[in-house]
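Below is a short report on one chain. Look over the sequence and the model, then read on.

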Amino acid sequence: MIKPLILPSYYSDTEIFQREQMLIFQNLWNFAGFTTDLQSHNDYICAEIGGKSIIVQNFHGELQAFLNVCSHRFSQIHQLPQGNGVLKCPYHGWVYNCDGIPVAIPSVERFDINNETRESLRLEKWLVEVCGKLVFVKINDDGLTLKEFLGGVYDKLAKFSEAFGHKINEFKIKINANWKITTENTLEGYHVFSVHKNTFSKYGFPVDKKYICNEIHSAYSDKGNPKYIEKSKEAILLKKAESILESRPLKVGSFYHQLVFPNLTIATNDGIAFYLQIHQPINPVETKLTSHVFVSKLDIKSDFEQDIIDTLTQSLTKIYVEVCEEDKAICEIVQLGISSRNQEGGIFSLEEQRVYEFHKAYSKLINSPM
Ligand code: FES
Ligand SMILES: [Fe+2]
């Protein structure tokens with residue numbers, strides 16, 4: 001009998017939430033954004049990680065990451081999720097260079113600042129590394145590179161993200177549930193026929209299911225039942241788009257879902273579209289779900305071909321948004337239940353093996369000394 005390792009109280013407890021922020025989010029590599037938003041000098045993105053706002057900025061082609069807090073009197077520096085501009089605090093106008101050192105301080109003569117003080121006023125530096133088009137940051141300088149952290153998943157993520165074409169959908173929603181509920185929900189297909197009867201289930205019954213547990217980052221693939229899929233509207237659209245989709249750079253031959261522990265998931269339907277989700281904890285019982293959907297890079301030769309692809313992606317996006325809404329609703333119901341439960345217990349089926357793997361990885365980290 002496989003049982004959950006995370007106690008129900010861990011899904012609403014404030015102290016556990018603080019431990020998670022420190023031992024998980026501030027300790028591991030975290031997804032921060034896309035290199036495509038950081039192409040030019042002074043392009044920047046901001047990400048919320050472990051309860052902190054982090055900036056990643058391009059300085060003449062080199063990416064640097066800092067805590068988004070001014071060293072003078074601690075105002076936030078950049079406010080937009082992404083943009084282009086010098087690293088300048090909006091409060092008194094301090095400007096920072098690529099090393100996070102304040103290089104322009106208005107009325108500097110009124111301060112008692114020498115070179116040493118300037119150095120001590122450096123912004124808190126975070127580590128930043130890139131895998132394909134994905135940018136990751138980390139505060140804990142324990143020597144573990146992004147490649148080592150991702151292990152066998154590194155090459156997969158690089159290939160997936162290099163295949164991204166246009167972004168066809170992006171949204172942020174707040175879910176009234178703990179981030180572990182929303183993340184675990186993506187790791188099992190057991191709920192699909194109950195929760196997504198008229199949406200996700202259209203893709204067919206899973207066939208040739210494979211669970212791949214690559215250290216802490218588990219994955220799942222299945223080919224789906226082709227006969228069942230052929231009846232759906234999406235199948236007809238896919239058939240119509242078949243010759244255009246042939247030009248896509250990545251064919252994985254199945255539906256594929258990858259967790260990058262702790263809270264990033266990337267799914268693809270045979271390399272046609274890519275669905276990224278970040279399950280960002282707001283507090284013990286609220287999560288911000290950010291979702292990005294990309295269609296594959298394609299060699300589109302005419303407006304007619306573009307129309308076919310647009311119709312297909314609109315249809316896929318519509319189903320995806322419906323699936324997300326169904327998941328939001330069920331996660332909020334799960335939170336109501338779990339918040340009322342004090343005892344341990346529960347049980348996992350074989351379909352929920354990845355949730356169990358998630359519990360194992362989580363428990364190891366949360367129980368380590370602070
Ligand atoms: S708080 Fe940033 S310049 Fe004063
Ligand atoms: Fe779901």
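## Helix 9

This is a predicted model. In helix 9, I309, L312, T313, L316, Y320, D327, C331, Q335 and I338 are buried. Several elements supply the cover over these buried residues. Among them are strand 11 (164-175), helix 5 (179-186) and helix 8 (233-245). Strand 16 (273-283) and strand 17 (286-296) also contribute.

The length of helix 9 can be checked. The helix has 37 residues, 303-339, and at 1.5 Å a residue they should span 54 Å. The C-alpha atoms at its ends are 53 Å apart, which agrees.

## Helix 5

Helix 5 is mostly covered, with 7 of its 8 residues buried. The buried residues are W179, K180, I181, T182, T183, E184 and T186.

Helix 9 is part of what covers the buried residues of helix 5. Helix 10 (353-366) is another part of that cover. The strands that take part include strand 11, strand 15 (264-269), strand 16 and strand 17.

## Two domains

The domain assignment gives domain 1 as 34-143 and domain 2 as 152-366. Their C-alpha centres lie 33 Å apart. The contact between them takes 5 residues from domain 1 and 8 residues from domain 2. On the domain 1 side, the touching residues are 2 nonpolar, 1 polar and 2 charged.

## The largest nonpolar core

In soluble globular proteins, nonpolar side chains tend to be buried together. Here the largest nonpolar core holds 83 residues. Which of them touch the most other members? They are A32, I54, V56, V135 and V137. Helix 9 gives the most to this core, with 6 residues. Domain 1 and domain 2 both give residues to the core, so it lies between them.

Strands of a sheet pair through backbone hydrogen bonds, either parallel or antiparallel. One open sheet has 3 strands in the order 6-7-8, with antiparallel pairing. Strand 6 (87-88) and strand 8 (102-104) are the edge strands, each pairing on one side only.

Strand 6 pairs with strand 7 (residues 95-96) over 2 bridges, in the antiparallel sense. Which residue of strand 7 is the bridge partner of L87? The partner is Y96.

Methods: Residues are numbered from 1 along each chain as its sequence is written. Chains are lettered from A and ligands numbered from 1 in the order in which they are written. This is a predicted model: local features need pLDDT of at least 70, side-chain atom pairs count only at pLDDT 80 or more; totals for chains, interfaces and linings use all residues. Helices (H or I, at least four residues) and strands (E, at least two) are DSSP runs, numbered from the N terminus. The expected span of a helix is 1.5 Å times one less than its number of residues. A residue is buried if 20 or more other C-beta atoms lie within 10 Å of its own, exposed if 12 or fewer, and partly exposed in between; C-beta atoms are placed from the backbone. Two residues are in contact if their C-beta atoms, placed from the backbone, lie within 7 Å. Domain bounds come from an automatic or database domain assignment. Ala, Val, Leu, Ile, Met, Phe, Trp, Tyr, Cys and Pro count as nonpolar, Asp, Glu, Lys and Arg as charged, and the others, Gly among them, as polar. Two strands pair if DSSP finds at least two bridges between them. A nonpolar core is a set of buried Ala, Val, Leu, Ile, Met, Phe, Trp, Tyr and Cys residues joined through C-beta atoms within 7 Å.
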